[in-house]
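Hi,

Here is the structure I promised to pass on.

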Amino acid sequence: MKPNLPLVAVTMGDPVGIGPEIIPKALADPRLFHCCRPVIYGDAACLKAGAASTGTSLALTERQSIDGASIGSHGIVVVNPEKRKTSGFEWASPTAASGTAMAAYLNSAIDDAVAGRISAIATGPINKRALKMAGIPFSGHTEILAQRTGTSDYAMMLAGARLKVVLATIHIPLEQVSRTLTTEGITKVVALTDHSLRTRFGLAAPRIAVAGLNPHAGESGLFGNEESAIITPAIALCASRGITVTGPHPPDTVFFNASRGAYDAVVAMYHDQGLGPFKMIHFDDGVNTTLGLPFVRTSVDHGTAYDIAGTGKASADSMVAAITMAATQARWLSRQGTP
Ligand SMILES: NC(=O)C1=CN([C@@H]2O[C@H](COP(=O)(O)OP(=O)(O)OC[C@H]3O[C@@H](n4cnc5c(N)ncnc54)[C@H](O)[C@@H]3O)[C@@H](O)[C@H]2O)C=CC1
Ligand SMILES: NCC(=O)COP(=O)(O)O
């Protein structure tokens, strides 16, 4: 491992989900060590149990802090700031303690990213029910990261080689989507998408498509008016600022066209409008990345998969892709010196 490679914090996520299995499995892939120096934030004993269930063997050294750690010389460093012991937990059985632990690993990695001790964070999956059981009032990593870094303009992108989608609304009930969408909000998401494609993905001239909300993008008002009242004015505003953006496109075909190369990213109006088509193509190797933060954050595109936790069956491909993308984005950012 070269000493100048970016340091990527890999958070273990939910101790009773597949995180402790897919992280050792991912780190058994030697390609990762050519692009970054990974450091895990979690519990070494729990990771060893996960490694055993997948038949992976990994040398882990647990420490309370990254300060003074010699990363990359002997095995993999695991930062466990409060020496939490989660190895006695039962697979697929979330508790308040498992929820507290997953948040503690994330918060510790955020502290190190904010202080510049690491270059990027790649998160293992957390369970939203366990977060709630622990009394943590956020719906996921994205909202915790935004709050902890004081970021008001942020967005969730799901990224793969063939398709990138960015969400105009994230974790809200479907019945609230229409009244949550605003011209100002969509304008910010499109602008952030354009900026991020340039600074984090190295695209010189990004082409962005915006999906409509309604069938056939409203069909001239026959099936809804959010397109004319909210979405079209946002697109016009972004275009007037020099962004290459088109739409609102009929949502049933825009993702297909993007996957064939017509656009670099699609802005979707709600979670499953974007994630459904994305996961059809990229479930295995897709990456969730948060745009707008002062540092790089990537994640697996899947969840805690309790139905297979502890069986060794979980694929580590999305975790490998998330760590690799974290390193790639960190390199793009360091070349430009801007988030
Ligand atoms: N990045 C994150 O932290 C994410 C967390 N979640 C959370 O995870 C929890 C469970 O969510 P679900 O909707 O059940 O989705 P899920 O992604 O955990 O599971 C859906 C299906 O995909 C399978 N699956 C998931 N990951 C897999 C892998 N690596 N290899 C093989 N099969 C895999 C599961 O076995 C299951 O059949 C929820 O609390 C959700 O909010 C969901 C998505 C992302
Ligand atoms: N559907 C994506 C998801 O739930 C992950 O959310 P986050 O934890 O990255 O905010």
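Below is what turned up, going from the domains to the core and then the ligand.

This is a predicted model, where local features need pLDDT of at least 70, side-chain atom pairs count only at pLDDT 80 or more, and totals for chains, interfaces and linings use all residues. Residues are numbered from 1 along each chain as its sequence is written, while chains are lettered from A and ligands numbered from 1 in the order in which they are written.

The chain splits into domain 1 (1-150 + 293-339) and domain 2 (152-290), with bounds from an automatic or database domain assignment. Their C-alpha centres are 28 Å apart. Across the boundary, 22 residues of domain 1 are in contact with 20 residues of domain 2 (contact: C-beta atoms, placed from the backbone, within 7 Å). On the domain 1 side, H12 gives the largest share, nine residues (helices are DSSP runs of H or I, at least four residues, strands are E runs of at least two, both numbered from the N terminus).

Now the largest nonpolar core: it has 103 residues, and Val 8, Val 266, Val 267, Ile 323 and Ala 326 have the most contacts inside it.

Finally, ligand 1 has 20 residues around it, with Pro 125, His 302, Gly 303, Ala 305 and Ser 315 coming nearest (cut-off: C-beta within 6 Å, placed from the backbone).

Cheers

Notes:
A nonpolar core is a set of buried Ala, Val, Leu, Ile, Met, Phe, Trp, Tyr and Cys residues joined through C-beta atoms within 7 Å. A residue is buried if 20 or more other C-beta atoms lie within 10 Å of its own, exposed if 12 or fewer, and partly exposed in between; C-beta atoms are placed from the backbone. Two residues are in contact if their C-beta atoms, placed from the backbone, lie within 7 Å.
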